[in-house]
Amino acid sequence: MSRYKQQLNVALERLDQGLFQLRNQIKRGNNQEALRYMGEELKELYTELQDLVNLERSNDQTGTGFIK
């Protein structure tokens with residue numbers, strides 16, 4: 001497995017775990033804590049994944065780290 005795919009899988013897993021934590025907070029009625037979590041930790045996890053997906057473009061407009 002390529003390094004890019006490994007990084008992407010790790011970031012997806014971390015985001016999935018973060019969404020699970022958010023779901024549990026909402027389910028328990030901790031709405032204020034859930035809002036704080038979404039604005040801080042979950043946003044950071046999403047940004048990490050987004051940074052991996054936003055690929056740098058070369059001169060010929062092909063993406064680096066393309067998954068096949």
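## Glu48 and its partner

Glu48 counts as partly exposed, at 27% relative accessibility. This is a predicted model. In it, the side chain of Glu48 meets that of Arg14 in a salt bridge, at 2.4 Å from N to O. Arg14 is partly exposed too, with a relative accessible area of 36%.

The pair links distant parts of the chain. Arg14 belongs to helix 1, and Glu48 belongs to helix 2. They stand 34 residues apart. Side chains of opposite charge can pair when their charged atoms come close.

## The overall fold

What secondary structure does the protein chain have? The chain comes to 2 helices and 0 strands. Helix 1 covers 3–27, and helix 2 covers 31–53.

The protein chain has 68 residues, and 21% of them count as buried. Among contacts with a separation of 6 or more, 56% are between residues 24 or more positions apart.

## The nonpolar core

How many residues make up the largest nonpolar core? It has 11. Leucines in this core include Leu8, Leu15, Leu22, Leu42, Leu45, Leu49 and Leu52. Tyr4, Ala11, Ala34 and Tyr37 are also part of the core. Helix 1 and helix 2 are the elements that give two or more residues to this core. The largest share, 6 residues, comes from helix 2. In soluble globular proteins, nonpolar side chains tend to be buried together.

Leu15 gives a local view of the core, to which it belongs. Leave aside its neighbours within four places in sequence, and Leu15 is in contact with Leu42, Leu45, Tyr46 and Leu49.

How many salt bridges does a search of the whole structure find? The search finds 4. One of them joins the side chains of Glu33 and Arg36, at 2.5 Å from N to O. Why are Glu33 and Arg36 separated by about one helical turn? Because they are 3 residues apart in helix 2. Glu33 is partly exposed at 34% relative accessibility. Arg36 is partly exposed as well, with a relative accessible area of 32%.

Arg36 also meets the side chain of Glu40 in a salt bridge, at 2.8 Å from N to O. Both residues lie in helix 2. They are 4 residues apart, about one turn of the helix. Glu40 counts as partly exposed, at 43% relative accessibility. Salt bridges that share partners join Glu33, Arg36, Glu40 and Glu41 into one network.

## Gln25

Gln25 lies in helix 1. Is Gln25 buried or exposed? Gln25 has 11% relative accessibility, so this residue counts as buried.

Which residues does Gln25 touch, not counting those up to four places away in sequence? The partners are Asn30, Glu33, Ala34 and Tyr37. Glu33 has a salt bridge with Arg36.

Methods. Residues are numbered from 1 along each chain as its sequence is written. This is a predicted model: local features need pLDDT of at least 70, side-chain atom pairs count only at pLDDT 80 or more; totals for chains, interfaces and linings use all residues. Side-chain values use heavy atoms; hydrogens and water are left out. A nonpolar core is a set of buried Ala, Val, Leu, Ile, Met, Phe, Trp, Tyr and Cys residues joined through side-chain atoms within 4.5 Å. Buried means under 20% relative accessible area, exposed over 50%, partly exposed in between (1.4 Å probe, protein chains only). Contact means heavy atoms within 4.5 Å.
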